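The following note sets out numbered points on the architecture of the model shown below. Each point takes up one part of the fold.

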Amino acid sequence: MDKIRIGVIGVGRIGKIHVDNLRKLQRAEVVAISDLYANAELVEWAQERDIPIVTADSNAIIHHPDIDAIFICSSTDSHVPLIESAARSGKHIFCEKPISMDIRQTEEALEEVRRAGVKLQVGFNRRFDHNFRRVREHVESGAIGDVHLIKITSRDPSPPPESYIAVSGGIFMDMMIHDFDMARYLSGSEVEEVFAYGGVLVDPVFAKYEDVDTAVVTLRFANGALGVIDCSRQAAYGYDQRVEAFGNLGAASADNDHANTVALSTSEGVHGDKPLHFFLERYNEAYVLETQQFVDSVLSGNSVPVNGEDGWQAERIARAAKLSLRERRIVKLSELDIAGSIHAGCEGR
């Protein structure tokens with residue numbers, strides 16, 4: 001196989017991004033898209049991209065004999081049944097985060113993937129950011145010595161609409177799950193303990209859904225390192241994404257990306273551009289790279305760079321943070337282990 005044929009399920013904002021990025025790759029071809037709200041406008045959009053199949057029926061794509069892989073970009077509540085169905089049909093799978101809102105359901109989906117012997121990559125795009133990847137390389141090389149602290153700042157430029165908040169799963173599962181994965185990625189260790197603070201400081205609508213819009217989470221890793229993540233749904237100056245890994249020999253940090261690095265210095269002060277506005281601008285290259293590496297993994301037979309185990313672990317941390325906030329205590333991830341857990345060996349290659 002020198003090219004993979006791909007079907008995309010869920011063609012909202014993120015689905016369209018993946019379609020356009022896949023079309024840049026010589027060894028991938030998007031041959032079908034599915035969306036519950038498929039209409040004439042979507043058909044026209046697909047025709048402009050030479051995509052022959054547009055349907056509201058995801059099964060038509062999953063069971064299509066000429067499709068090798070499925071991109072799942074639909075709502076989170078649809079992920080598990082789509083993963084299981086695609087796996088049973090022998091399709092390789094790329095799924096946006098999180099896999100589900102329920103650890104047990106995620107485990108069952110990963111078991112189906114393992115049984116089918118297909119690949120599953122989870123959409124933690126920040127791992128492919130050029131800045132964060134460089135920090136990870138410094139940690140791996142030993143340049144900063146033994147890791148002592150991981151610090152992550154993650155702040156959106158504005159809160160999402162109420163319709164999104166109502167179904168998001170909360171700040172830990174929806175927004176900070178990226179940061180939980182980044183903490184594991186940068187530290188090279190698993191999280192063992194979580195403690196979370198949170199408040200409604202941006203918009204009272206979050207309280208309506210028992211959610212918070214501002215949070216600080218502290219982590220203790222298996223290797224003894226500590227982590228601190230601060231998160232906000234609203235930063236007046238733009239999209240704020242920074243990380244630091246600190247060790248006994250030094251530190252590696254990544255600041256925000258800017259439209260340019262020019263600083264204007266006058267008697268009135270020093271001024272520069274604000275950070276890039278939102279995730280589409282900030283992580284544009286990362287989205288391209290994650291799709292490229294998924295395609296390469298399928299064609300080469302190598303492991304995917306971010307697998308089902310990574311998705312499962314991030315969900316565990318998110319669930320522990322939510323429990324910690326509610327009960328105002330440190331939560332050990334071992335408390336979340338389910339009797340008879342079936343997750344072992346379900347990494348999704």
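1. In which order do the strands of the open sheet of 6 strands stand, and with what pairing? The order is E3-E2-E1-E4-E5-E6, and the pairing is parallel. Two strands are taken to pair if DSSP finds at least two bridges between them. Helices (H or I, at least four residues) and strands (E, at least two) are DSSP runs, numbered from the N terminus. Strand E3 (53-55) and E6 each have a single partner strand, so one side of each lacks a neighbour in the sheet. On average, neighbouring strands of this sheet are turned by 20 degrees against each other, direction ignored.

2. On the basis of the values: this is a predicted model, in which local features need pLDDT of at least 70 and side-chain atom pairs count only at pLDDT 80 or more, whereas totals for chains, interfaces and linings use all residues. Residues are numbered from 1 along each chain as its sequence is written, and side-chain values use heavy atoms, with hydrogens and water left out.

3. Pairings within the parallel sheet. Strand E1 (residues 4-9) pairs with strand E2 (residues 28-34) in the parallel sense over 6 bridges, and Ile-6 stands opposite Val-30 in E2. Strand E4 (residues 69-72) is joined to E5 by 4 bridges, again parallel, with Ile-70 opposite Ile-93 in E5. E5 also runs parallel to strand E6 (residues 120-122), over 3 bridges, and here Cys-95 stands opposite Val-122 in E6.

4. Crossovers around E5. The chain crosses from E5 through helix H5 (residues 103-116) to E6 in a right-handed β-α-β crossover. A right-handed β-α-β unit is also made by E4, helix H4 (residues 79-88) and E5. Right-handed here means that, with the strands pointing away from the viewer, the path from the first strand over the helix to the second runs clockwise.

5. Buried means under 20% relative accessible area, exposed over 50%, and partly exposed in between (1.4 Å probe, protein chains only). Helix H1 (residues 13-22) has 7 of its 10 residues buried, so it is largely enclosed by the rest of the structure; among them are Ile-14, Ile-17, Val-19 and Leu-22.

6. The sheet with mixed pairing. An open sheet of 7 strands has the order E12-E11-E7-E10-E9-E8-E15. Its edge strands, E12 (250-254) and E15 (331-332), each pair on one side only. E7 and E11 run antiparallel and are joined by 8 bridges, with Lys-151 opposite Glu-244 in E11. E7 pairs with E10 in the parallel sense over 7 bridges, and Thr-153 stands opposite Asp-230 in E10. Strand E9 (residues 214-221) and strand E10 (residues 226-232) pair in the antiparallel sense over 7 bridges; Thr-218 stands opposite Val-228 in E10.

7. Helix H6 (residues 130-141) lies across strand E7 (147-155), strand E11 (240-247) and E12, at about 165 degrees to E12. H13 lies across strand E8 (191-199), E9 and E15, at about 50 degrees to E8. Axes are lines fitted to C-alpha atoms, for helices over the stretch in contact, and angles run from 0 to 180 degrees between N-to-C directions. Contact means heavy atoms within 4.5 Å.

8. Packing of H9. The axes of H6 and H9 are 8 Å apart, at an angle of about 35 degrees. In this contact, Phe-132, Arg-133, Val-135, Arg-136 and Val-139 in H6 meet Met-182, Tyr-185 and Leu-186 in H9. The residues of the contact divide into 6 nonpolar, no polar and 2 charged. The classes are: Ala, Val, Leu, Ile, Met, Phe, Trp, Tyr, Cys and Pro nonpolar; Asp, Glu, Lys and Arg charged; the others, Gly among them, polar. Helix H9 (residues 177-187) and helix H13 (residues 308-327) have axes that come within 9 Å and cross at roughly 115 degrees. The contact of H9 with H13 divides into 6 nonpolar, 1 polar and 4 charged residues.

9. Glu-162. This residue is found in helix H7 (residues 162-165) and is partly exposed, with a relative accessible area of 33%. Glu-162 and Lys-208 are 46 residues apart in sequence and 9.6 Å apart in space, C-alpha to C-alpha.
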